Amino acid sequence: MSSASLRRLLKEYSALKKENLLLASSALANLSHEVSISPVSEEDLYYWTGIIAGVAGGPYEGGCWKIEIKIPNTYPLHPPEIRFITPICHPNIHFKTGEVCLDVLKSQWTAAWTLMSACIAVRALLSDPAIDSPLNIDAANILRCGDTTGYDSLVRYFTNKYAKLCR
Amino acid sequence: MSEVVPPQSDTRTCWICLGTSNDPPPVGSTSDWRRPCKCNLTAHESCLLDWITTSKDELPCPQCGTMIRVSQSRSLSLRLRRALERLATRTANSAFILAIVAGAMSATYTALYVHGMVSVFCVCSLEDSLKILGWSKDSQSLEEVMYSKLLAYHDHNISWQKAVDGIFSGWWLHRPSPVAAIPLILVLSRRNSVPANAAVNTALAITLRRKVSPGLNIADTIIYAFPVLRILHGALYRRYIVPQRLKWEREAQSANAALVEPEPIADELPLEDGVGPQQVQVDGEMQPNLVVELNGNLRRGNLGVIVNNQNITTNLIGALVYPALSGLVGDLLAKIFPKLSKRIQDRLVRSLIGGCLVVLLKDVFDTYCSYLLSRRARTRRIVDYTGSRP
């Protein structure tokens, strides 16, 4: 285990815990958590899971997706691997494997990102798909044709089918 | 972002490890704080050096985009190596294009020639055609042998079987010669299959040698011993030099020596065991995107051995110029030590000795470069931003 990555993960974890306490005690508590992440066990800070909530007003509204985060020993020099466990219909996310195609999780990664900010970036990707690098070609093709109504209803269908349970 | 503590009075936070100035500094490094860019980001120097990791001289700050500058000692040898690598890449590229152009041209020429030739034969009498094409009965090239036989057949001097035999007897001129296989074998022998290499080398040596001297003399002895020498050299190199070089290269990659996990890796490495120099491609001039790609391998410690595009071309050029270098060094040796040249009359033997010397020199130079890289990594410092901050 690399001590540098562990120290950094501990820092991030304690900062998150502090923030959660702050949220719970304040009026902001009823503001639904849009993204929440935590390590599966405190023994192993290199494997986290989390929940990403769909942005209100978009086709992903009302959905909650479980994600898993695998962190390399060389973190933060190298990006964490973020994968959707709950199936999601999105041009840049593989429907079966849950793999996410996002530049900041690949070539544009810098150490200034944190696990939380990376997950927020993934959430932002939901409402801002990039059709140039699709992992879900069918979804990307619908968007490419400009059929936003069709795309929205398709996404809504899958959101209702798979991601509705947690609310 | 919640993780980034807002700048309180004098608490600094490293944007890489998120450690603050109240925390103990990262293990095994200096706790120097640096502000290398316009913005407010501060970081530990060792963290920044790990972030930059490669021999790249600068990288942009992720927030303000200011180039983070690194100062490091300059070295003539490293620059020479880099220049050689660049030259090799460029040479390889132009040679590749040249080969394609030459191949296309000769193929086109042959096709045109054959059509022209056939046209002449279609229109003129055989004798006239031969005159037009400038062929005589006692000439030697394939076409000429062919047509002298055809002519003889035409004149009812020989049977058609004899004519065909005669035509095919001329094929030795155009038969694929083992000489054309030399460059292929040189390149192929960079692969790491030792027995296959030895077999190929010996076969080539026998084929070529047989034409010069049928008997067994000192040159043959050396040639046949060459594969053994190579295996021996490869084994010794892997056993003693590679671990040290990898250690140095890893130190060069990570400024923080504590990150480097010492692992006995030499035996598992997919090393290239070639006849020429650069048996092991331990590349110090690694690009940052390669580091990212090697994400998983980084921990296992074999990040030094990378087959990237540049290494393939340097390898290729290295293999192809190896005979020329060997001959050159052999001749140089003879010039410098006239006594030696008197004792060793055979130029081939001198070239072989020269070849061995080339390999040894290359090993020494590569090892020295690895050492320089690690030493340079130790002297690497992040330069604070000196301009005015907004």
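Residues are numbered from 1 along each chain as its sequence is written, and chains are lettered from A and ligands numbered from 1 in the order in which they are written. Because the model is predicted, local features need pLDDT of at least 70 and side-chain atom pairs count only at pLDDT 80 or more, while totals for chains, interfaces and linings use all residues; side-chain values use heavy atoms, with hydrogens and water left out.

**Chain A**

Over all chains, the structure holds 8 salt bridges (a side-chain nitrogen of Lys or Arg within 4 Å of a carboxyl oxygen of Asp or Glu). Select A:Glu12 and A:Arg8, whose side chains form one of them, at 2.9 Å from N to O. Both residues belong to helix H1 (residues 3-25) of chain A, 4 residues apart, about one turn of the helix; helices are DSSP runs (H or I, at least four residues), numbered from the N terminus. A:Glu12 and A:Arg8 are buried, that is, under 20% relative accessible area with a 1.4 Å probe, protein chains only.

**Chain B**

Next, select B:Arg81 and B:Asp366, which meet in a salt bridge of 3.8 Å, N to O. This pair links distant parts of the chain, 285 residues apart: B:Arg81 is in helix H2 (residues 76-123) of chain B and B:Asp366 in helix H13 (residues 347-379) of chain B. Both B:Arg81 and B:Asp366 are buried.

B:Lys362 and B:Asp366 are separated by about one helical turn because they stand 4 residues apart in helix H13 of chain B. B:Lys362 is buried, as is B:Asp366.

Definitions and conventions:
Helices (H or I, at least four residues) and strands (E, at least two) are DSSP runs, numbered from the N terminus. Buried means under 20% relative accessible area, exposed over 50%, partly exposed in between (1.4 Å probe, protein chains only).
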